[in-house]
Amino acid sequence: MNASTISDNAPLDPDDELLVAYLDGELQRQEQSDLENRLLTNEKLRLRLQQLQTGWDLLEDLPGSSPSMKLVESTLELVVADILKDQPTVKKSRMQWQLPVGLFLLCLVIGLAVYFTETTLRSNAYQKELKDLAIAGNLNAYNYGGDLKLMRELSANKDWAQMISASKEIGDISVDNAVDQLTEAPAAEREIALKAMTLEQMDQLNSRWDQFNRLNQSAQSRIRTTVASIAAQPDSQLLLETMQVYAIWRQTLPTELRDQIESNDPSKRRAAIKQAIDRTYFNISRRSSMQLDDETTDWINFSLGVILQERLDNGDAVTKAFYDDLRSLTNVFRTAEDAKQATIATMVIGGSRSKSPTITEQSKTENSQSVTPGNPKRRLPSSQFFSRLERPASLSREELDTIKLPLPENALEMLGVVSMGNPLTELVTLRVWCEEALRRKFMQRFEDNLSLEERYNKLPSERRNRIDLLSPEDFLREMSKPSRSRR
Amino acid sequence: MLRVRDDDASAFAELMQRYEGRLVRLMHTIGPRHDLAEDLAQETFMRVFRARKTYEPGAKFSTWLFTIAGNVARNAARSLGRRKEVSEVDAPRAEDSPSGPQLLAATALESSGMMPTRMVEGDERASVVRAAVSALSERQRMALMLSRFENMSYLEIAETMDLTTKAVKSLLSRARVNLKELLQPYIEAGLINSEIGKEDFEREQEEKQ
């Protein structure tokens, strides 16, 4: 019987397939209609359909299965057992590696977060310090040069620019290039600029850094704002350079003059700037005179002697009368040379007095010294005596030109640098140089041939204490003075 | 099933209650042995539960369930077949329960006059039908059951059995022709009432018309 069944691959009668599909309701409407027409006429086909349907219907006799709660319960028990069996294993196996790995990862993440945070904070703090360091390097500039209007006025002032140029040449003003490089370098390159500094520059920068850090927060904040404001200007570089120079220059000026320069009154400001420039030029001249070599001063003294002789020979009555009067004071001016030197000093210093009150003030001491060389026991002429005398005219422009002509090349070069081509400045400078030449000549006359150290050691302790407090320049001047004690 | 996928045990219990009877009946038909029907149904449910996370909401659950059931039944038949081969080498097969064809043969013997003629009724008729169904190939049985008891269309059966609809159509045709051929002698001998279901058939025809 089994052999008579149709296997899955055996051919099938198309009508059987059609009838089954009809019974299953899987025929298209047209197919169904065609088949039904055939069924009406074909009894054999109708019988086959009936037999197929009978077999189908008999399947109803297959025993059904009533719901079995026992099966459901036992299956659920198996499901639960399955879950319980899996869960601990999963949990245990997970716990075995998840806990330590999780902890490790957590530690790693925290560690990395801390590291990166710290690195970032350090880096930020370091970058901020580098930024502030550049500010600190120009602290005075930002502190005193915040008035951009004044800075622009100064940078546009030709006289001021010439004066600053001369000051730089003579060494009165020097802007630290290292600080400049630090300021101008991008933040990333500031570290390199810092490393390139010399120890001296580092010391100076360190001092300014301390100064900046001593400022309170609001002052620091104000300076940072100024820095940002200047950086935003189109001429920021020129402004900063002007500020740097101004900060140094203003320190050489008296407080009153500084206040006038920094005032809001334009006319007062302009006048003060002019006065300050004149004053600075005089200081430059003074400074340049200190740098004169002996050859130059010898030439100047020689020229001064020639000028006096020319005046005497040419019948300059005032000069001759003055010289004769001094010559008559034989207890003071023992030789004709002494009287000539005193007359020359009067020509030089007197002329200077008329030109510049500052020169006069500076020379007062030297004036008195210049007329009181020699034996301390000698009685000095009274002030009434000098006031009675008509003084010789100060050195004229032509006479100063005469002094200039024989000067060595290096001296002429320095004169050009100091005066920056300004004839008036050149004349003032030559007068100052004459003073210096005279001073050195007198100094030579009373030179004790001792070294500075020997002189210093010979000084009384009170005087030594006083000298110790002087600046190096004043110290040298003081030690170079022909004093009575040394004489 | 979506609730089951989310580990809802009560939903799974509901699902089992709904499909348990139908699944056991299917397993009686397509399984290798009747006494394994419940075990195979249980195994099917367990597989469904274990595979719950892979269930895709778009798929019809019954299609998925009967696909798994078909696999479980096939695996069981294969496994029993291997064991049978081993046991046949060692010992003669015990005839505890008659197979479908054997039952049909025995019933035919009765109908041939060697046994007292009587009308097959109740459980016996069911046994004859079951024997006839058992004589079909596994795939024919499966398709027949899905069509007859699950009211699945050719398309749904094709999806469940991973076949084309054309193959399903052929399979079902062969199954029904075979069934007719197997049962027709009993009907003609009057052992089985051929009128059974006739009224239903006529009613269906009327409805179609």
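Student: Which helix of chain A has the lowest confidence, and which has the highest?

Tutor: This is a predicted model. In chain A, helix 18 (residues 357-370) has the lowest confidence, with a mean of 38, and helix 15 (residues 294-313) has the highest, at 91.

Student: What is the pLDDT over residues 351-380 of chain A, and how many contacts does the stretch have beyond near neighbours in sequence?

Tutor: The pLDDT is below 50 over residues 351-380 of chain A, and the stretch has 40 contacts in the model beyond near neighbours in sequence. Where pLDDT is low, the predicted coordinates should not be read in detail. For chain A as a whole, the mean pLDDT is 78, and 82% of the residues reach 70 or more.

Student: What makes up the secondary structure of chain A, and what makes up that of chain B?

Tutor: Chain A comes to 25 helices and 0 strands. Chain B has 10 helices and 0 strands, and along the sequence its pattern reads α-α-α-α-α-α-α-α-α-α.

Student: What share of each chain is buried?

Tutor: A residue is called buried if 20 or more other C-beta atoms lie within 10 Å of its own. Of the 487 residues in chain A, 26% are buried. In chain B, with 209 residues, the buried share is 38%.

Student: What share of the contacts with a separation of 6 or more joins residues 24 or more positions apart?

Tutor: In chain A the share is 74%. In chain B it is 67%.

Student: Why are helix 2 and helix 3 of chain B called oblique to each other?

Tutor: The two helices pack at an angle of about 135°, with their axes 9 Å apart. Angles over 145 degrees count as roughly antiparallel and 65 to 115 as roughly perpendicular, and the rest above that range count as oblique. Helix 2 and helix 3 of chain B are therefore oblique. Helix 2 of chain B passes helix 3 of chain B in a right-handed crossing.

Student: Which residues meet in this pair of helices?

Tutor: From helix 2 of chain B, the residues include B:Phe12, B:Met16, B:Leu23 and B:Met27; from helix 3 of chain B, they include B:Leu40, B:Thr44, B:Phe45 and B:Phe49. By class, the contact of helix 2 with helix 3 of chain B has 10 nonpolar, 2 polar and 2 charged residues.

Student: How many residues of each chain are in contact across the interface?

Tutor: 55 residues of chain B are in contact with 40 residues of chain A. Among the elements giving two or more residues to the chain B side are helix 2 (9-30), helix 5 (100-114) and helix 10 (198-208) of chain B. Helix 9 of chain B gives the most, with 16 residues. The residues on the chain B side divide into 28 nonpolar, 13 polar and 14 charged.

How values were computed:
Residues numbered from 1 in each chain as written. Chains lettered and ligands numbered in written order. Predicted model: local features only at pLDDT ≥ 70, side-chain atom pairs only at ≥ 80, totals over all residues. Helix = DSSP H or I, 4+ residues; strand = E, 2+ residues; numbered from the N terminus. Buried ≥ 20, exposed ≤ 12 C-beta atoms within 10 Å, placed from the backbone. Contact = placed C-beta atoms within 7 Å. Nonpolar A, V, L, I, M, F, W, Y, C, P; charged D, E, K, R; others polar. Axes fitted to C-alpha atoms, helices over the stretch in contact; angles between N-to-C directions. Parallel < 35°, antiparallel > 145°, perpendicular 65-115°, else oblique. Left-handed = near helix turned anticlockwise from the far one by under 90°. pLDDT = per-residue confidence, 0-100.
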